[in-house]
Amino acid sequence: MARPVRLAINGATGRMGQALLGLVKDDPRFVLVAAIASSTSSKLGQPVDGCAGALAYTHEWPSAGSLDVVVDFSGPAGLAEALTYCESHGVALVTGTTGLDATFAQRLNASASRIALLRAANFSLGVAVLTRLLRQAAASLPDWDLDIIEAHHNRKEDAPSGTALALGEAAASARGTSLRESAVYAREGRVGPRQHGTIGFAVVRGGDVVGEHEVLLMGQGERIELTHRATDRSIFARGALEAAHWLSGRPPGDYDLDAMLADRVAR
């Protein structure tokens, strides 16, 4: 049997970090080596609940050769530290940190020549499968109208959601265009007939909805509906751990969840 993957969680005191800690302690595929927190975190030095041994939250990175993969859900500054460590020691990196500027995004692109890197804005495996299905459907039915409807809780500030926009980009790319050319974000009043090739968006905000995304492909006399509903935020942590296990030991490169799913299908 292969040895467990040696894992560090960066951003361990955040919401996603806590979800990851709750899952990894019972997952025999992993050994948690470090729970990295911000240098200003009040939890520094405190024990990590439920983890074997005397593991405590720390701002210090492990010594060389003690890690296989880092899972990062921190912030731009935390990700910069994780990236420096991973590049220096040849450690794979899975990150869901967003809000990166163009300069840092370029640094991430360059790092893929030195380490195995997997990044995603949404680590739901269901959304990854939905995206694959949407690409195929959009390309196979280029003349059908396509709209994306998304719903989230009433505290969400951005609209449409990043996942909805990513779905739109996937559909547009499959049809040889882009959202900049084809997106329609609002319809109100006498807007006239729908323009051919547009991708429409509709947004719902209310209650405690974790996240729902529905894609409608509408032809003459028939319609296809592709829907994903999230009912538990832990799905994102589960997807990140799946990605970490898959990425560990792979050669340098810029990977994504679609590559992981494609590899599963090939097997």
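**Close-up 1. Thr 97 sits in the loop between β5 (92–95) and α3 (102–111).** This is a predicted model. Is Thr 97 buried or exposed? At a relative accessible area of 12%, Thr 97 counts as buried, because the cut-off for that label is under 20%. Look beyond its neighbours within four places in sequence and you'll find Thr 97 in contact with Asp 72, Phe 73, Ser 74, Gly 75, Pro 76 and Leu 79. Ser 74 also shows up in a polar pairing: its backbone nitrogen is 3.2 Å from a polar atom of the Thr 97 side chain.

**Close-up 2. Here's an open sheet of five strands, with mixed pairing.** Reading across, the order goes β8-β9-β7-β10-β11. β8 (183–184) and β11 (223–230) are the edge strands, each pairing on one side only. Helix α4 (residues 125–140) packs on this sheet and touches β7 (145–152), β10 and β11. The direction of α4 makes about 165 degrees with that of β11.

**Close-up 3. Strands β10 (residues 211–218) and β11 run antiparallel.** How many bridges join β10 to β11? There are eight. Pick out Glu 212, and its bridge partner in β11 is Arg 229.

**Close-up 4. The largest pocket holds about 1300 Å³ of space.** Its lining takes in 40 residues, and the closest to the pocket centre are Ala 120, Ala 121, Asn 122, Phe 123 and Thr 163. Which element gives the most to the lining? That's α5, with five residues. Elements that each supply at least two lining residues include α1 (15–24), α4, α5 (162–174) and α8 (257–266).

How values were computed. Residues are numbered from 1 along each chain as its sequence is written. This is a predicted model: local features need pLDDT of at least 70, side-chain atom pairs count only at pLDDT 80 or more; totals for chains, interfaces and linings use all residues. Side-chain values use heavy atoms; hydrogens and water are left out. Two strands pair if DSSP finds at least two bridges between them. Helices (H or I, at least four residues) and strands (E, at least two) are DSSP runs, numbered from the N terminus. Contact means heavy atoms within 4.5 Å. Axes are lines fitted to C-alpha atoms, for helices over the stretch in contact, and angles run from 0 to 180 degrees between N-to-C directions. Buried means under 20% relative accessible area, exposed over 50%, partly exposed in between (1.4 Å probe, protein chains only). A polar contact is a pair of N or O atoms within 3.5 Å; within protein, one must be able to donate a hydrogen and the other to accept it, and residues adjacent in sequence count only if both atoms are side-chain atoms. On a 1 Å grid over the protein atoms alone, a cavity is a set of points where a 1.4 Å probe fits but cannot get out, and a pocket is an open set with protein on both sides within 12 Å along at least five of seven lines; lining residues have an atom within 4 Å of a point. Grid points are joined across faces, edges and corners, and a volume is the space filled by probe spheres set on the points.
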